[in-house]
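Thank you all for making time this morning.

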Amino acid sequence: DETGAFRGVHQGRPGNTALCLLALLHGDFDRDSKAVQRGLARLLQEQNSRFRCSYDIALMLMFFQAYHEREQREAGMLTADAPAAFEQARQRVRTTLPDTHRAMVDQLTKDLQACAVGDDGYGYTPLATTSSNSAHGHTDNSCSQYAILGLKAASLLGAPVNARAFHDEARRLVKTYWKSSLPTVEYVHEVDQREGTDDQRKTRSRKQSPKKGNIHPGGWAYATSQREGASLQMTAAGVSSLTICMDELKLRGMLDDSLAFDIGLAIRGARAHITGSYLTPERLSGQLESVNSDGMGTYYDLYAVERACVLAGIRKLDDDRDWYRIGAEALLDTQQDDGSWVNTRQQRPEAAPPLVNFCMAILFLKQASMPVITEHKNREPQPPAEEPRRPITPGPEDKGK
């Protein structure tokens, strides 16, 4: 509307505004368009708010990253795959941001890092904004995945992000990976010369053989304290976070060889679990039609899978399970004539639209994940040149990933 807000179930939340703006940008709205500028002005009014939650903070950072992707490209941020080049690009892109944007990004980054609860992941609120440690003590893998997404966005914007955040989250996820009783799958770790500490890189042979391992399919549940069972969406969240952590640590020359292998092994096992948990287009369509909440359920699940697979370079879950085609077919099958995904048989005309669900559907279809710079080049062979990357919908222009 004229105030920059988007009417919806979560109207008034800055995260709702940021997610809608993110969908607009990936839906080919120019950043100088009236709708985007109104929304941006509304977000900038949040500068002095002290009660944002981790989801709001992360989504605002993700919006600013997409909004300023042009500056990141021009500064060399999206191709800086070594520590010196990364630091130079970080400084360059930081100086190109308007003062108001840079101040907002810095404050959001500080707030998001304050949502960490020791070595147990991330909760809803920064420690300084809660009245008790018990209120701040909650953590879960959903908050944690958005925290890492937000910190990745902040890093691409040149903000001062403590690299320890990526190291600690990678270690936590590796440590809490749940292994099923299904037969193990093999993992082959192709050593990247950017991995390792300075000493490890100096003594490493350039012809070092790949390291192999086996792992039971598995992943993560919702609660960080839960050590049994794994869900599709939280396992996908773990893959997303681990890929980002590996990327960020490589960029800084801080990825220990053993941690690099452990991350890759966990991603391999999680991929096997996602393969076994992902649904057919028919079952997905049925679930999409029955969703009665905004931002939870099947739309959330699909958006989590998209981020995991795009970031980790997973084009197909196995030889004949194209995760994108399956999800896109289900979304297109359930889309309404007006472009929404409201089930008109259940939705009351006066009810606020579930805009978070709409945005997640758009971002899935556009494969709108942030760039990772050093990662996934050896994760999976590229498809033949004549085979389209996006067989359902025309995706965004190549982002130089």
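Let me begin with a term: when I say that residues are in contact, or that they pack, touch or meet, I mean that they have heavy atoms within 4.5 Å. Helices (H or I, at least four residues) and strands (E, at least two) are DSSP runs, numbered from the N terminus, and buried means under 20% relative accessible area, exposed over 50%, partly exposed in between, with a 1.4 Å probe and protein chains only.

Please keep in mind that this is a predicted model, in which local features need pLDDT of at least 70 and side-chain atom pairs count only at pLDDT 80 or more, whereas totals for chains, interfaces and linings use all residues. Residues are numbered from 1 along each chain as its sequence is written, and side-chain values use heavy atoms, with hydrogens and water left out.

The protein chain has 16 helices and four strands, and buried residues make up 57% of its 401 residues. Of the contacts between residues at least 6 apart in sequence, 76% join residues at least 24 apart.

Two packed helices are described by the angle between their axes and the distance between the axes. Axes are lines fitted to C-alpha atoms, for helices over the stretch in contact, and angles run from 0 to 180 degrees between N-to-C directions.

Take helix 14 to begin with: helix 14 (residues 298-311) packs with helix 15 (residues 323-334) at an angle of about 150°, and their axes are 11 Å apart. Helix 14 is therefore roughly antiparallel to helix 15, where angles under 35 degrees count as roughly parallel, over 145 as roughly antiparallel, 65 to 115 as roughly perpendicular and the rest as oblique. The crossing of helix 14 past helix 15 is left-handed, a word used if the near helix is turned anticlockwise from the far one by less than a right angle, with right-handed used if clockwise. On the helix 14 side the contact is made by Tyr299, Leu302, Val305, Glu306, Cys309 and Val310, and on the helix 15 side by Trp323, Gly327 and Leu331. By class, that contact has seven nonpolar, one polar and one charged residues, counting Ala, Val, Leu, Ile, Met, Phe, Trp, Tyr, Cys and Pro as nonpolar, Asp, Glu, Lys and Arg as charged, and the others, Gly among them, as polar.

Now to helix 13, whose axis comes within 8 Å of the axis of helix 15 and crosses it at roughly 45°, so helix 13 is oblique to helix 15. This crossing is right-handed. Here Pro281, Leu284, Ser285, Leu288 and Glu289 of helix 13 meet Ile326, Gly327, Glu329, Ala330, Leu331, Asp333 and Thr334 of helix 15, which by class gives six nonpolar, three polar and three charged residues.

Helix 16 is mostly covered, with ten of its eleven residues buried, and those buried residues pack against helix 1 (14-26), helix 8 (141-156), helix 14 and helix 15. Val356, in helix 16, counts as buried because its relative accessibility is 9%. Not counting residues up to four places away in sequence, Val356 touches His10, Asn16, Leu19, Asp294 and Gly295.

I will finish with the backbone. Most residues other than glycine have a negative phi, and most peptide bonds are trans. Gln367, in the segment after helix 16, has a positive phi of about 45° although it is not a glycine, and at 8% relative accessibility Gln367 counts as buried. Asp28 also has a positive phi, near 75°; Asp28 lies in the loop between helix 1 and helix 2 (34-44) and, at 59% relative accessibility, counts as exposed.
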